Amino acid sequence: MALLLPLLSGLLFGLGLVVSGMADPAKVLNFLDVAGTWDPSLAFVMGGAVIVATIGFRRALRQPHPWVAPRFHMPTARQIDARVIFGPAIFGIGWGLSGICPGPALTSLTLGAPGVLVFVPAMFAGMALARWLAGRSHPSTAQGTDALKTRP
């Protein structure tokens, strides 16, 4: 059961990405091209996702613990530092150049899209590099233990 719920959640998420068009890099690039061939349809997809996530998180956090874990793990870091600025900036630049972000990239692997076959290994290499760099400067952040607080 502990693996079944995450698997079903991931499959539902992937299906939503495909149905909404988020797995299509051309559609994403058209959404990001506000000065050219702008396609606002993904704004409705993201707006709907924000509404569903807000309701879901509010309901879930009222529970004493998650269904498949003994406790919640909540971030406690509040400071804005270079990682908070440059990480999302690099993510946004990559998304804008390729039209692909991590969730849709993994979903698109099943479709065998050629660009994704290059993007996903590069994404994992970038994640490994970021973890390695974080471990060199702050050993505790490499494991993610300093920014998580356990909620009883």
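Modeller: Helices (H or I, at least four residues) and strands (E, at least two) are DSSP runs, numbered from the N terminus. Counted that way, the chain has 7 helices and 2 strands. Their order from the N terminus is α-α-α-β-α-α-α-α-β. The model is predicted, so local features need pLDDT of at least 70 and side-chain atom pairs pLDDT 80 or more, whereas totals for chains, interfaces and linings use all residues. Residues are numbered from 1 along each chain as its sequence is written, and side-chain values use heavy atoms, with hydrogens and water left out.

Colleague: Why is Ser-108 called buried?

Modeller: Buried means under 20% relative accessible area, exposed over 50%, and partly exposed in between, with a 1.4 Å probe and protein chains only. Ser-108 has a relative accessible area of 2%, so Ser-108 is buried. Of the 152 residues of the chain, 17% count as buried.

Colleague: Where is Ser-108, and what does Ser-108 touch?

Modeller: Ser-108 lies in helix α5 (residues 102–109). A contact means heavy atoms within 4.5 Å. Leaving out residues up to four places away in sequence, Ser-108 touches Ala-23, Ala-113 and Val-116. For the chain, 48% of the contacts between residues at least 6 apart in sequence join residues at least 24 apart.

Colleague: What makes α1 and α5 roughly perpendicular?

Modeller: Axes are lines fitted to C-alpha atoms, for helices over the stretch in contact, and angles run from 0 to 180 degrees between N-to-C directions. Under 35 degrees counts as roughly parallel, over 145 as roughly antiparallel, 65 to 115 as roughly perpendicular, and the rest as oblique. The axes of α1 and α5 cross at roughly 90° and come within 9 Å. The two helices are therefore roughly perpendicular to each other. Phe-13, Gly-14, Leu-17 and Val-18 of α1 make the contact with Gly-103, Pro-104 and Thr-107 of α5.

Colleague: How do you know which class the residues of that contact of α1 with α5 belong to?

Modeller: Ala, Val, Leu, Ile, Met, Phe, Trp, Tyr, Cys and Pro count as nonpolar, Asp, Glu, Lys and Arg as charged, and the others, Gly among them, as polar. By that scheme, the contact of α1 with α5 has 4 nonpolar, 3 polar and no charged residues.

Colleague: How is α2 set against α3?

Modeller: The axes of α2 and α3 cross at roughly 95° and come within 8 Å. That angle makes α2 roughly perpendicular to α3. Lys-27, Val-28 and Phe-31 in α2 meet Ser-41, Leu-42, Ala-43 and Met-46 in α3. This contact of α2 with α3 divides into 5 nonpolar, 1 polar and 1 charged.

Colleague: And what about α2 against α4?

Modeller: Helix α2 (residues 25–32) packs on helix α4 (residues 82–98) at an angle of about 115°, with the axes 8 Å apart. That makes α2 roughly perpendicular to α4. In α2, Pro-25, Val-28, Leu-29 and Leu-32 meet Trp-95, Gly-96, Leu-97 and Ser-98 in α4. The contact of α2 with α4 has 6 nonpolar, 2 polar and no charged residues.
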